[in-house]
Each structure stands twice: as structure tokens, then as C-alpha cells.
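Welcome, and please open the model in your viewer. We will walk through some charged side-chain pairs, one selection at a time.

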Amino acid sequence: MKLTQYRLHVLAFTFVSLPLAGILATAQSAAPPRAAAAAMRDAMDRTIDPCTNFYAFACGGWLAHNPVPADRQRWGRFQEVQDRNYAVLRRILETKGSDADRRKASDYYAACMAEPAIDAKGVMPLQADLAQIDGLKSRDELPELVARLHALGVNVLFRFRADTDRRNASAQIADVDQGGLSLPDREYYLKTDARSVDLRDTYAAHVQRMLGLLRPGAGRAAEAAAVSAFERTLAEGELDRVKRRDPATTDHQMRLEQLQALTPGFDWKRYAAAAGAPAFQRINVNVPDFMKALDRALGSTSIDDLKTYFRWHLVHASASMLPKTFEEADFDFFNRTLAGQQEQPPRWRECVVQTDALMGEALGKAFVEEAFGPQAKPDMLKMVRAIKTVMKQDIDAAPWMSEETRRAANRKLEAVVDRIGYPDKWRDYRARVVARDDALGNMQRARAFERRRNLAKIGRPVDRGEWDMTPPTVNAYYSPDRNNINFPAGILQPPFYLAGRDAALNYGGAGAVIGHELTHGFDDEGRHYDGQGNLREWWTEADGKAFETRASCIADQYSEYVAAGDAKINGRLTLGENVADNGGLRLALLAYLAGPGATEKSVIDGLTPEQRVFVGWAQVWCENATPEAERLKAATNPHSSNMYRANGVVSNMPEFQKAFSCRGDAPMVRQNACRVW
Ligand SMILES: [Zn+2]
């Protein structure tokens with residue numbers, strides 16, 4: 001399952017579920033400080049000069065012993081922690097609980113696991129939806145059909161949802177955005193190099209195969225070509241990822257009639273009514289040009305071809321709960337071909353991931369009750385306070401900032417809300433219907449439930465208590481429209497954090513993660529939002545220019561890095577994350593040196609306290625990945641390859657050069673060191 005992220009600045013791009021019980025027990029029984037030191041030592045490769053390749057020095061041991069398993073696209077510390085604990089999550093789902101929501105999660109999981117029953121039903125559970133598509137007679141009937149497909153999580157044509165009003169961050173309004181593609185990015189449809197052309201041919205063959213599985217005798221090459229051509233037209237109308245980083249490019253609030261004028265061929269009032277959205281007058285149209293392209297595409301495509309396009313998207317979105325032939329075929333293209341994953345993961349893992357994605361707070365509640373360690377929250381809050389203090393000092397000392405901008409920056413920093421662990425109020429799943437013998441129906445009802453919950457927000461005030469990640473998630477995020485930093489319980493684990501461990505490692509791990517999320521409020525995107533989460537310019541023009549100059553240094557630096565083969569990192573796409581990584585580690589180091597590091601002089605395994613902060617950071621990113629997965633990440637993901645999240649940052653820091661006594665001409669000492677924060 002993919003979790004769709006809107007304007008969230010997450011730490012890493014994998015969304016994984018992590019129960020805490022197992023790891024806390026293991027770590028505590030193994031005497032935390034000694035075990036942590038051993039883990040640090042074993043991951044390193046001392047034969048490498050840290051001044052030449054710090055990532056290889058810090059991670060070489062781990063990398064050598066952890067090749068990518070055949071059923072993964074990547075294997076790193078995030079996945080390692082997740083994997084050790086999936087078994088516990090599975091146990092919770094396979095054990096009867098007294099809590100009603102937890103029982104529903106167990107039923108969801110059980111239905112997902114019942115593969116013989118899924119196989120026996122064939123495509124029968126899709127028949128009603130297929131019949132509705134077959135029944136489409138004219139474009140006039142599109143609004144109702146599209147609303148129905150959207151409710152099932154079938155992302156055709158465009159995306160429609162409730163979102164924060166960017167001019168008034170306490171309110172929520174309707175929001176419509178580009179969408180309707182199947183390949184990971186518009187560039188996959190438009191690039192003309194041989195690899196891209198090949199990939200499109202393979203994609204068309206896959207669409208044809210799936211349509212043939214759906215209806216024996218169907219699935220002609222012409223049908224697949226029609227799907228590709230239609231999606232390509234939509235792709236041409238899309239705004240690319242780099243341009244979208246500037247929030248101004250997707251900020252177009254208008255009256256519903258104005259949207260209607262952009263797409264005369266699609267009735268928005270009927271669509272909104274069919275979707276069950278509350279009545280509204282104003283809507284943010286992220287990409288007006290896309291809406292025009294959509295209208296043209298709908299007008300110039302035959303009804304039969306549109307039906308084929310809808311059928312393809314329906315079967316693709318349902319594949320995980322259809323018979324194995326469908327699931328395997330979809331895996332073959334989207335995972336094996338696109339991401340280099342050789343084998344399907346065991347079914348239970350897929351079902352655990354999906355249950356977490358669609359009933360996460362029912363499951364997360366059980367984790368927290370069983371296993372949330374008492375020390376994690378106070379320890380984290382202490383680090384958050386220390387890091388905010390040094391961030392204020394950093395803002396106060398920035399030589400390139402005027403007093404006016406400085407004051408506004410400090411006001412924004414003071415307004416940042418910290419959230420650790422899990423929501424105060426759990427989501428209510430009472431209205432959710434889950435049947436132990438209806439895997440596809442459960443998934444459809446779950447998606448429809450989440451969609452209703454989202455659309456009901458249109459016109460209502462923002463609920464700032466909500467979380468965008470489930471508690472067992474090993475990740476963290478900053479929300480620009482809420483100006484909060486969020487650390488789910490799942491990430492408060494080694495290698496990020498461990499109660500009682502060497503503070504240098506906790507600051508290099510969890511501390512730098514805190515600094516990273518905090519810095520997002522002041523990166524190329526976050527800086528356009530004020531302390532209340534409103535999209536509002538609070539920078540003087542000169543200060544904005546000074547920021548851009550400094551940020552450009554980082555963009556140019558990372559653009560030189562190679563992700564895989566001829567695929568390079570896009571320094572503009574990854575700018576915000578790289579700024580956050582650079583700021584985050586610096587803040588964590590300064591906070592450590594002003595706190596526990598002020599008196600700490602111990603040398604552990606030959607490493608000084610400062611050196612251990614750097615090693616702690618780099619070791620969070622130890623990871624092997626398939627070349628295909630790295631290529632995909634470079635094309636679509638705002639995070640740089642993990643090696644550069646370590647090396648790109650330390651090579652900008654004079655503190656690193658000093659800590660490891662690197663020569664001025666060492667590879668990890670950049671002559672043109674970049675610094676924003
Ligand atoms: Zn981030």
C-alpha cells in the first residue's frame with residue numbers, strides 16, 4: 001500500500017509498520033549501553049578512511065552482511081527494525097483482542113490472508129463495478145462513475161479531496177489536483193531515451209495482460225495503446241515535481257464556476273454531489289492547465305477507450321485482493337520491472353502492511369497499550385527543547401538575515417508544535433464494516449470510509465489533533481500547514497534512539513531527525529508558510545534572495561551525485577530534504593555539545609563523543625538497494641540516496657573535518673561548503 005502524501009515532509013520514503021514490544025524487550029535484556037556500542041561497532045568498516053567515504057566507514061560492515069533479499073527493493077536500517085518486529089505485529093493480528101476496533105483489524109487481516117477463498121471467487125467481487133463501467137453511455141454520465149471509482153480508491157482522471165485552506169490554515173476547503181496516471185511520474189510517459197521507450201512498451205504489454213485476465217478474449221494491443229495514449233495526454237498537462245515544490249504554483253483558489261469554465265465537458269456539481277461532498281463554493285485548483293488538458297482528453301477520447309481506461313485502473317487498484325494471477329502480474333511490472341524486486345514478499349507481510357495502512361489507529365492502539373516505553377517521550381521532549389534552543393541561536397546569528405525576517409523566523413520557531421508517540425484521541429472505526437470472508441469488499445469499504453471521512457472536512461475547521469502517520473510507523477514528518485513536528489512511536493527505537501544509551505548516538509540519530517523536521521519549516525518550501533501554517537510571505541525580498549543563493553549551493557552539490565548508472569540525483573527535487581538533513585545534523589551536534597556532550601569525554605571503540613554523533617547519523621542510513629529502486633527513487637522521490645544523506649551532509653561541516661582530523665583536500669571536505677541553516 002502506498003500512503004499518499006500531500007505537503008508532508010517525511011524523513012524517509014518507506015512507510016513501514018513497527019510494533020515495539022519485541023525490540024524493547026530484546027534491547028533491555030541485552031544491557032542497552034553495551035549492546036548499542038556493539039551494534040555501532042559491527043556496522044562499521046575500519047579499513048575505510050572516514051575522510052574519504054564516511055558512509056562506507058560508518059556502514060561498511062553492515063552493508064557487507066546485508067544484501068538486498070530477493071523479496072525486497074531495498075534493505076536498510078528502517079526495514080531491519082521493521083522486519084524484526086513484523087512478527088509481533090502479526091501476532092497481535094492473529095490473537096483475539098477484547099477491543100472492538102482491534103477485532104476488526106484482525107478480521108481485515110484474516111480475510112486478506114484467505115488466499116484460497118480469494119482465488120475461488122475469481123473476479124466475481126468486481127462484477128458490479130465492471131458493470132457500472134460497461135453501462136457508461138455518454139460523457140454526461142462521467143461524474144457519477146468517476147465519483148464511484150474514486151470512492152473505491154481507483155485514482156482515475158484527477159484527485160479530489162478536502163485540504164487545508166492555504167490562506168487560512170484553520171479552515172478546510174475542497175481541493176482538486178492532477179492525477180489519473182499509472183506510471184510513477186509524468187516523465188515516464190514523455191522521455192524519449194531507449195530505456196523509457198522500452199519501459200512504456202512493457203507497460204502496455206502489462207495493461208493488455210491484465211485486461212485479458214479480467215475478461216478472457218479481451219485485452220487487445222489496441223486497448224492497451226488507448227490507455228497509454230490517454231494517460232500520456234494527462235501527463236502532458238501535469239505540472240512537474242520540481243515546479244510543484246514552490247507552493248505558489250499550486251495555489252489557485254477559485255469559485256466552482258471558474259473550475260467549471262476550465263472543463264466545460266465535466267459537470268463538477270454533479271461530481272461533488274455523487275461523491276457525497278458537502279456543498280461548497282470555493283475550491284483550490286492546484287493545476288488549472290491540467291484541468292484544461294483533462295477536458296481536451298475527455299473530449300477527444302472515445303467512450304469505449306475511456307471504459308478501457310477505467311477498467312484497467314479498477315483492476316490495477318484491486319489486484320492485491322484478486323486471485324493470485326492478477327496479483328503476480330501486477331507485481332511483475334510495478335515491483336519487478338520498475339523497482340528490481342525479484343520475488344513477492346510473504347502474504348502475511350503484505351496483509352500486515354495493508355491493515356496498518358487502512359486501519360492503522362485500530363492497530364496502533366494495541367501496540368501502544370502493549371509496548372510504548374515510558375522513557376521515550378520525556379527523552380524526546382528534552383532533545384526537542386535543546387534543539388529548538390540552538391535553532392534560535394542559529395537564526396539569531398545568521399549574518400545574511402535582516403532583523404525583520406529574523407523576528408518573523410523566531411516567531412515561527414516558537415509556534416512549532418511537537419508531537420511524540422501517538423494521537424491523544426483515537427480514530428473511531430465503529431462505522432467500518434469488516435467481514436472475515438470478503439477481502440476485496442473490506443478494502444473497498446475501508447477506502448470509501450477514509451474518503452468519506454476526508455470529504456466531510458470540506459467547510460469544517462482543521463482538527464489539529466489528527467496524525468498523518470500511524471503510531472507503529474518508522475518515520476517522522478513536518479506539516480507546513482500545521483507547523484508541527486511529529487515522531488510516531490515506531491521511530492523511537494534503535495538505531496534512532498534507545499533509553500540509557502550513549503547520548504552521542506541518540507543525538508546523532510533521533511536528535512538529527514528532530515533537527516531535520518524542524519528545519520523543514522525553513523526549507524525552500526516550508527519557508528513560504530508562517531507560524532500558523534498560512535501560505536504567507538514573511539521574508540523581505542533581499543532575505544529571500546539570500547536564502548535562494550545559499551540553497552542553490554546545496555542544489556548544485558547534490559546534482560553531482562549519481563543514484564544508479566546514468567541516473568543522477570535531482571538537486572532541485574531533493575533540495576528541501578537536503579537542506580533539512582544539513583540543518584538537522586548541525587543542530588543535533590550543537591545541542592549535544594551544549595548538553596550531555598559538554599562534560600562527556602569518553603572514547604568508545606576509539607571514537608570521541610563528536611565522532612559518535614556523526615557515526616550515529618550515518619548509521620541510520622545504512623542501506624542496500626537494487627539499481628532499479630534507486631533509479632525510481634531518483635526520478636520521483638524528494639529524498640537523496642542514503643549514501644549522500646550521510647556524505648553530502650558531513651562534507652559541508654567544518655565540525656566533521658575537525659572531529660576526524662581530515663586534510664583540507666580530503667573527499668569528505670568540500671572546498672565550496674554549503675550552508676543554509
Ligand atoms: Zn524530510
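**A tour of salt bridges**

Start by selecting Arg-445, which is partly exposed at a relative accessible area of 27% (buried means under 20%, exposed over 50%, and partly exposed in between, with a 1.4 Å probe and protein chains only). The term means a side-chain nitrogen of Lys or Arg within 4 Å of a carboxyl oxygen of Asp or Glu.

Before moving on, note that this is a predicted model, where local features need pLDDT of at least 70 and side-chain atom pairs count only at pLDDT 80 or more, while totals for chains, interfaces and linings use all residues. Residues are numbered from 1 along each chain as its sequence is written, and side-chain values use heavy atoms, leaving out hydrogens and water.

Next, select Arg-270 and Glu-144, a salt bridge whose closest N and O atoms are 2.9 Å apart. Arg-270 sits in helix 14 (residues 268-275) and Glu-144 in helix 8 (residues 142-151), so the pair ties together parts 126 residues apart in sequence. Helices here are DSSP runs (H or I, at least four residues), numbered from the N terminus. Arg-270 is partly exposed at 32%, and Glu-144 is partly exposed at 33%.

For the last stop, pick Lys-365 and Asp-99, with closest N and O atoms 3.5 Å apart in their salt bridge. Lys-365 belongs to helix 18 (residues 347-371) and Asp-99 to the loop between helix 4 (77-94) and helix 5 (100-113), so the pair links parts 266 residues apart in sequence. Is Lys-365 buried or exposed? Lys-365 counts as buried, at 13% relative accessibility, whereas Asp-99 is partly exposed at 28%.

Technical notes. Helix = DSSP H or I, 4+ residues; strand = E, 2+ residues; numbered from the N terminus.
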